[in-house]
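This briefing accompanies a protein chain and its coordinates. Please keep both in view while reading the points that follow.

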Amino acid sequence: MRHLFLPVTRAIALSCSALFNGPAFAQDIADTIYSGGTILTMDDSAPRAEALATKDGRILAVGALADLLAHQGESTRAYDLDGHTMLPGFVDSHGHVVMGGLQALSANLLAPPDGDVTDIPSLQEALRGWMADNQEAIAASNLIVGFGYDQSQLAEQRHPTKADLDAVSTDVPIILVHQSGHFGAVNTAALVANGITKRTPVPPGGIIRYGADGEPDGVLEENAFFMVLGQMLGGIGDEGFKAFARAGAKLWASFGYTTAQEGRATPQVAAIAHEVAAEGGMGVDVVVYPDVLVDRDFILANQSATYDNGVRIGGAKLTIDGSPQGFTALRDRPYFDPVGNYPPGYAGYASATAEQVQDAINWAFGNDIQILTHANGEGASDMLIAAIDAAEATHGRADRRPVLIHGQFLRPDQVAALDRLDVFPSLFPMHTFYWGDWHRDRTVGPINADNISPTGWVRERGMMFGTHHDAPVAFPDSMRVLSATVTRRTRSGDILGPHQRVDVMTALKAMTLWPAYQHFEEAEKGSLEVGKIADFVILSDDPTAVDPEALDTLKVVATIKDDGEIYRAKDGPRKTLLVPPVGHHVLDVAHAAARKN
């Protein structure tokens, strides 16, 4: 319900507060009034506001504080922003919140600034340190897990092998998950536990690497890795996955996300998310996209536009290729200068066949199922575009909002095709920071590196887009996402493609209103407008007012879901108070100076 706000002065608000607190206006009394800082609404008609009022978990009013005092009652809470900045809660355009718990609960093998691993010896020490602190968990699962190594950031510029990991443990199976999530490294015990030998058939869309002796060297790619990861993590049981889900949700909330995504699930993982949510363990909303190549009947039976305890099945996920920084993304041309034993003209490979892609997209369109498709290389995007063209010719145009995930190496003609087909691009500008130097020097070369994650091309066409972190590929660090989208600065300080940069407000919309549209939730989330859900993030400073180079230093002070805090920084002062009786209004006193005239 949209309310009419009377333009009363501060004096009238004080003298008439008893009237506004009467039974006739009970439906207008706010639960909370937020003020005392910058409020960025993402609503173009009123991009900034002085105050915001909520009721029953929804936004009741947005505007001038003097007007909103009409909704103040004896039980209304006054939330003093204390000079901080409030925005709509961030909406996860693409991530893996359940599996994100794996990152939170495993050995941190990330390179600086997110970790301390810079070479194979420091990786081994990180594993040993984690083992010393997690003996009980290791005994219960008979498994050692590390997450986030990246061969491009290791001094040796190679994947760790079984020999490197056998130096850590020969008794307990070890599995390391590459930062991209598309590779893994295991020790001999893990190879034995999974029955992998030189005679093991290689699964389609995957690679088992071998050493000079002809035996598996412990490095697994794509579907070969996914097969082993699923088998090894299966041993942790439902309770282990529930722990992942709870840890992932807390991690997302700590970075200001109020809506998270599980972007490639099995029916088991989807069931785990529902169970944890029913137990009150999520806190954030979670949209789940099960793998379309695993169980389509499950997707058809469970897809829903409404949440059940904060979880819903949003559609389907398709994966066409792999990791661009790992040289497994399918390109339309050879990689520039790949590091490793690659044949001349190597251009990556697909993890799904053209027939599988066509069939999956056609099934989704035929059943009006939203489908998210992972396509990184130009060759993979060509496969996706061809499949959508064919499916639309068969089933006609409708508001299905298919989503391209990543699109790291898009060509201009492919961006035009996405525009023509109403495909929503969920892009990954964090690549410019984490792997920008690597793309410039190794994957695509200095010319094409300027156009990775082409947000500029997308905006030139007036298209909406989302930006994501793909956690646990990287931490779900919202300010790193924002910084990378605006500055495109690499680890070394280079700037990739200044013409692809966007302004701060555009980058914020790509984290709020536009991914809400992506999820068919723009009427409920993504901007601070009357009637929408009271999901907010409070930042340490106004991202539109700081030096763009300082965006990555901003902190999440608090995350608010349905008008209740689900995260508060340890050093964040609590500023929520009950409004005292009439005549002693905290809001009025706090803002007296601002409202004198």
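Helices here are DSSP runs of H or I with at least four residues, strands are runs of E with at least two, and both are numbered from the N terminus. On that basis the protein, which is a predicted model, has 23 helices and 24 strands.

**Overall form and surface**

- The C-alpha trace spans about 90 × 55 × 50 Å along the principal axes of the protein.
- Of the 597 residues, 59% count as buried, while the accessible surface comes to about 21900 Å², with 53% of it belonging to carbon and sulfur atoms.
- Among contacts with a separation of 6 or more, 73% are accounted for by residues 24 or more positions apart.
- The side chains include 46 positive and 74 negative ones, and the centres of these two sets lie 2 Å apart.

- Strands of a sheet pair through backbone hydrogen bonds, either parallel or antiparallel.

**The five-stranded open sheet**

- A further open sheet has five strands, again with parallel pairing, in the order β16-β17-β18-β19-β20; here the edge strands, each pairing on one side only, are β16 (316–319) and β20 (466–467).
- Strand β19 (residues 424–427) is joined to β20 by two bridges, and the two strands run parallel.
- Leucine 427 has threonine 467 as its bridge partner in β20.

**The antiparallel hairpin of β2 and β3**

- Strand β2 (residues 48–55) and strand β3 (residues 58–63) run antiparallel and are joined by five bridges, with alanine 51 standing opposite glycine 63 in β3.
- Two residues lie between the strands of this hairpin, in which aspartate 56 takes a positive phi near 55 degrees.

**Buried residues in helices**

- Threonine 455 lies in helix α19 (residues 455–460), and it counts as buried because its relative accessibility is 0%, where the cut-off is under 20%.
- Once neighbours within four places in sequence are left aside, threonine 455 is in contact with Leu427, Pro429, Phe465, Arg488, Gln500 and Val502; one of these, Leu427, is the residue that bridges to threonine 467 in β20.
- Valine 269 is placed in helix α11 (residues 267–278) and, at 9% relative accessibility, counts as buried.
- The contacts of valine 269, leaving aside neighbours within four places in sequence, are with Val98 and Glu262; although valine 98 and valine 269 are 171 residues apart along the chain, their C-alpha atoms are separated by 7.5 Å.
- Tryptophan 514 has its place in helix α22 (residues 513–518), and it is buried, with a relative accessible area of 8%.
- Leaving aside neighbours within four places in sequence, tryptophan 514 is in contact with Phe424, Arg459, Met464, Phe465, Thr506 and Lys509.
- The C-alpha atoms of tryptophan 514 and leucine 318 are separated by 21 Å, and the two residues are 196 residues apart along the chain.

**A buried loop residue**

- Serine 323 is placed in the loop between β16 and α13 (354–366), and its relative accessibility of 1% means that serine 323 counts as buried.
- Not counting residues up to four places away in sequence, serine 323 touches Ser180, His182, Phe183, Glu222, Thr328, Ala329, Tyr335 and Asn376.

Note on methods: Residues numbered from 1 in each chain as written. Predicted model: local features only at pLDDT ≥ 70, side-chain atom pairs only at ≥ 80, totals over all residues. Heavy atoms only, no water. Buried < 20%, exposed > 50% of the residue type's maximum accessible area, 1.4 Å probe, protein only. Contact = heavy atoms within 4.5 Å. Areas by Shrake-Rupley, 256 points an atom, 1.4 Å probe, with all protein chains shown as cover. Lys, Arg positive; Asp, Glu negative; His and termini not counted. Charge placed at Lys NZ, Arg CZ, Asp CG, Glu CD. Pairing = 2+ DSSP bridges.
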